[in-house]
Amino acid sequence: MKIRSGFVSNSSSSSFILRDESVSVPIFRDSIKKIWNDLYLKGECDKENLDQVSIFYSISFYSVKSFQKSLIKGLYSNECWSASEKINHEYVSKYDPFFVKIKKFITNTFSKTYLQEALKADIFGTSQENEIPYEVLKALKEKYGSKLIIHHLG
Amino acid sequence: MKVYENADMKSVRSEKYNYDFNKETGRLEAWGKTKNDIPDYAPSPEILDLEISSGKCSQACTFCYKENGSGPSLNMTFGMFKNIFDKITSKKVLTQIAFGITDIYSNPDFFKMMEYCRHNGVIPNYTTSGFDLDEEAVKKTSELCGGSICFGTQ
């Protein structure tokens, strides 16, 4: 059975890139389950879908090194609408002062794309709408810091 | 395929694809031949992300994945929306729509579109900065939308 636990929003599916050689897919999956369970016991998120993390395909984690890059590119075309999106892309407003516009232009020009980062990652994962609660995503980011990039999809 | 529906629930039954959708909570349970199966695919979409406005948005949030903020305000007409909606719901599988908007009143037909969804048994919701939510918009939202509004702001 597939379960979607609530209403979707316009950016409620997520993708992950973890760059940490010491973390394997099972360890990463277990750390999500532990964070999720701890938050659930504290009453800070629902338990819905927790057991699916290691069972269902819809929350998927891949070891990039053992996974063919062409398949990752395929996953992007299927699931990650913004594969060509620049990481650290900064929105340039017409109200920005000129020097800020220049700074943002340089950042946007030289920032790497999400796909480039994924191909160099150790673990890559995707989840569909509302499958991993926001609280869990936040705690994951706190645990792994800059090694983990969480990208909200459409 | 048979579709059963009342004010609270929508259910689909067929040999290889089945679901129960709770209109109040957004919870969806989908299965295949048996409840242990995950259906490979749905006969038509269960959910729809639909951008009905883009371009000018008063908040211009830097993280907006649609990069809305500046430029002309582009709005989908009700006629185009109805055409898309009627085609996608022809098999009665669609459960909910996540509307992508800019400001609440950018698209003059926004609430008319959500009324059309509700009238046809599909639950709408939307993502907003919330800065231009007035009493009337809150009232209509509470009448028409699913369990929550997704606020995206900085």
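This is a predicted model: local features need pLDDT of at least 70, side-chain atom pairs count only at pLDDT 80 or more; totals for chains, interfaces and linings use all residues.
Colleague: Which residue forms a salt bridge with A:Arg19, and which residues are linked with A:Arg19 in a network?
Modeller: The closest N and O atoms of A:Arg19 and A:Glu117 are 3.3 Å apart, and the two form a salt bridge. This pair links distant parts of the chain, since A:Arg19 lies in the loop between β2 and α1 of chain A while A:Glu117 lies in helix α4, 98 residues apart. The network of salt bridges that includes A:Arg19 also holds A:Glu117 and A:Lys120.

Colleague: Where in chain B do B:Glu136 and B:Lys140 lie?
Modeller: The side chains of B:Glu136 and B:Lys140 meet in a salt bridge, with 3.9 Å from N to O. B:Glu136 is partly exposed at 41% relative accessible area, and B:Lys140 is partly exposed at 26%. The two are 4 residues apart, about one turn of the helix, and both lie in helix α3 of chain B.

Colleague: Why is the pair of A:Phe16 and A:Phe28 edge-to-face?
Modeller: This is a pair from a count of 13 aromatic pairs over all chains. The ring centres of A:Phe16 and A:Phe28 are 6.4 Å apart, and because planes over 60 degrees apart count as edge-to-face, the pair takes that name from its plane angle of 75 degrees.

Colleague: Which helix of chain B holds B:Phe110, the ring partner of B:Phe99?
Modeller: The rings of B:Phe99 and B:Phe110 have centres 5.9 Å apart and planes at 80 degrees, so this pair is edge-to-face. B:Phe99 counts as buried at 0% relative accessibility, and B:Phe110 counts as buried at 0% as well. The pair links distant parts of the chain, with B:Phe99 in strand β8 and B:Phe110 in helix α2.

Colleague: Over the ring of which residue does the charged end of B:Lys35 sit?
Modeller: In chain A, A:Lys143 lies over the face of A:Tyr144, at 5.6 Å from the ring centre. In chain B, the charged end of B:Lys35 is 4.2 Å from the centre of the ring over which it sits, that of B:Trp31.

How values were computed. Residues are numbered from 1 along each chain as its sequence is written. Chains are lettered from A and ligands numbered from 1 in the order in which they are written. Side-chain values use heavy atoms; hydrogens and water are left out. A salt bridge is a side-chain nitrogen of Lys or Arg within 4 Å of a carboxyl oxygen of Asp or Glu. Buried means under 20% relative accessible area, exposed over 50%, partly exposed in between (1.4 Å probe, protein chains only). Rings of Phe, Tyr and Trp (its six-membered ring) pair if their centres lie within 6.5 Å; planes under 30 degrees apart count as stacked, over 60 as edge-to-face and the rest as tilted. A charge sits over a ring if NZ of Lys or CZ of Arg is within 6 Å of the ring centre and within 35 degrees of the ring normal.
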